[in-house]
Every structure is written in C-alpha cells, then in structure tokens.
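This report covers the pocket, the nonpolar cores and a surface patch of the structure shown below.

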Amino acid sequence: MAGNRITVLIKEPGKDARLERIEPTLETFQKIVDGHLEGVWVKENVYMYIDEEGKLNRKEPNFPWKHGDTIVGSAVFFGRGEDGEEISLTPDQLVSINFELELRKLIRTPFFQVIII
C-alpha cells in the first residue's frame, strides 16, 4: 500500500508524545522502535508497538504501564482496522492516549503516589 500514510502517536523516553504521519510498513515501525516489533493491546482498537527486546537491551524507561510494568524505548500507538491492519488513530483515541500518558507521568511523582495510596 505505497503512498497510504496513517496518523500515529510516537512516545520516546524523556519526550512528550508527538503526532506523525507514516507509511504503515514493517520497516517504518521497526525504525521507530529501533528493534523487532512486539504488539501490545492498549484499549479497544488501539495498539502500540514496542521493541520486543527493549528490556534485554536495557533501553531507557519511557512510561509506567499496567501491573507495575514499565515500557522501555520508543512506543508507537496506532489504530487497528477490522482486518487487523494498522490504521490512523481517531481524534478521540489521540485525546485518550495523550490523557493516559500525562496521567501516568503524574503517577510517577512522589507527591501523587502518596495521595493515591
């Protein structure tokens, strides 16, 4: 599908998430995460790719994840189509992911951790 670009959200360690229009190819996604792809379910019709060997390669922590886990290295968020293909995130999905990333950033601060305990 050359020429078809999709809108994704890229989150790199130590940086704010950013929107980008990319070609949804294996090579493009691998370049973003700098490694082999591991697909992670985020929520309904939203997934992210991360480097499947990111922790083994001691990549920089990016953001806290579920069950006390931490995502390391770059992550790229995208929508999932009916046939399993990568598609653009919708505006609502973009807002939701950004909100969740900001909330996870707050949870890492000691003051917020004390409040929610």
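## Largest pocket

In this predicted model, 12 residues line the largest pocket. Nearest its centre lie Lys-11, Lys-15, Asp-16, Leu-101 and Lys-105. The space in this pocket amounts to about 160 Å³.

Two elements, β5 (61–64) and α2, each supply at least two residues of the lining. The greatest contribution to the lining of the largest pocket comes from α2, with 4 residues.

## Nonpolar cores

The largest nonpolar core comprises 15 residues. Within this core, the residues with the most contacts are Met-48, Phe-63 and Phe-77. The strands β3 (37–43), β4 (46–51) and β7 (75–80), together with helix α2 (91–107), each supply at least two of the core residues.

Another core, of 10 residues, lies apart from the largest one. Among the residues of this other core are Ile-6, Ile-10, Ile-22 and Val-76.

## Nonpolar surface patch

Phe-99, Leu-103 and Leu-106 make a nonpolar surface patch of about 300 Å². Of these residues, Phe-99 is located in helix α2. Is Phe-99 exposed or buried? Phe-99 counts as exposed because its relative accessibility is 58%, and the exposed class begins over 50%.

Key
Residues numbered from 1 in each chain as written. Predicted model: local features only at pLDDT ≥ 70, side-chain atom pairs only at ≥ 80, totals over all residues. Heavy atoms only, no water. Core = buried A, V, L, I, M, F, W, Y, C linked by side-chain atoms within 4.5 Å. Buried < 20%, exposed > 50% of the residue type's maximum accessible area, 1.4 Å probe, protein only. Patch = residues over 30% accessible without salt bridge, like charges linked within 9 Å, V, L, I, M, F, W, Y side chains within 5 Å. Areas by Shrake-Rupley, 256 points an atom, 1.4 Å probe, with all protein chains shown as cover. Salt bridge = Lys/Arg side-chain N within 4 Å of Asp/Glu carboxyl O. 1 Å grid on protein atoms, 1.4 Å probe; cavity = no way out; pocket = protein on both sides within 12 Å on 5 of 7 lines; lining within 4 Å. Points joined across faces, edges and corners; volume = space filled by probe spheres on them.
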